[in-house]
Amino acid sequence: MFFAVGLIGTIAPILPGTTIILAAAIIHRLMLGAEKSIGWKTIVLLALLTILSYVFDFLGSYFGAKYFGATKWGAFGAIFGALVGLFFGIIGLFVGPVIGAFAGEFIAGKRMIDAGRAGWGSLLGNISAMLGKLIIALGMITIFLIAVPSPF
């Protein structure tokens with residue numbers, strides 16, 4: 001059940017998806033013990049993948065904006081917008097980086113069309129990051145299922 005909630009959390013950023021998957025793996029280890037559950041190496045690997053998924057969130061906005069021609073102002077505006085967007089739920093996570101990239105480019109003196117391109121790039125970067133996080137989450141679940149000893 002926690003894995004399903006974790007997968008939903010990677011798509012709907014209201015929930016910390018990969019963190020839930022990691023927590024489920026740790027709870028499994030604590031409940032069943034070392035003999036019937038995953039080892040610490042697997043937990044460390046899952047923790048590293050969790051951290052990587054959070055890196056995707058911020059890099060998606062940054063590189064998406066940069067790919068569409070944003071200056072450093074637009075790219076950092078996208079990251080700032082993503083941080084502020086965290087406080088406004090799912091809509092904020094999509095709209096925040098777009099507004100941030102747009103505002104950063106506008107502050108840097110870019111034309112409206114260039115600022116809009118940076119915002120669009122940030123949105124596409126966020127969607128790409130979401131897909132990357134989904135792949136990481138599916139990988140985490142697969143690693144867990146392979147690492148758990150057979151009950152028979």
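## Overall fold

In this predicted model, the protein comprises 6 helices and 0 strands. Its pattern along the sequence is α-α-α-α-α-α. The C-alpha trace extends over about 65 × 25 × 15 Å along the principal axes.

Among contacts in the protein with a separation of 6 or more, 63% join residues 24 or more positions apart. Of the 152 residues, 39% count as buried.

In soluble globular proteins, nonpolar side chains tend to be buried together. Here, the largest nonpolar core contains 14 residues, and the members that touch the most others are F3, I21, A25, I38, L46, M140 and F144. At least two residues of this core come from each of helix 2 (17-32), helix 3 (40-67) and helix 6 (112-147). Helix 6 provides the largest share, 5 residues.

When residues up to four places away in sequence are not counted, F144 touches F3, A25, H28 and I38. Another core, of 5 residues, lies apart from the largest one; its members include A65, A70, A78 and A101.

## Surface

The protein exposes about 8700 Å², of which carbon and sulfur atoms supply 80%. V44, L48, I51, L52, V55, L59 and F63 make a nonpolar surface patch of about 630 Å².

Within this patch, L48 belongs to helix 3. L48 counts as exposed because its relative accessibility is 53%, and the cut-off for that class is over 50%.

Technical notes:
Residues numbered from 1 in each chain as written. Predicted model: local features only at pLDDT ≥ 70, side-chain atom pairs only at ≥ 80, totals over all residues. Heavy atoms only, no water. Core = buried A, V, L, I, M, F, W, Y, C linked by side-chain atoms within 4.5 Å. Buried < 20%, exposed > 50% of the residue type's maximum accessible area, 1.4 Å probe, protein only. Helix = DSSP H or I, 4+ residues; strand = E, 2+ residues; numbered from the N terminus. Contact = heavy atoms within 4.5 Å. Patch = residues over 30% accessible without salt bridge, like charges linked within 9 Å, V, L, I, M, F, W, Y side chains within 5 Å. Areas by Shrake-Rupley, 256 points an atom, 1.4 Å probe, with all protein chains shown as cover. Salt bridge = Lys/Arg side-chain N within 4 Å of Asp/Glu carboxyl O.
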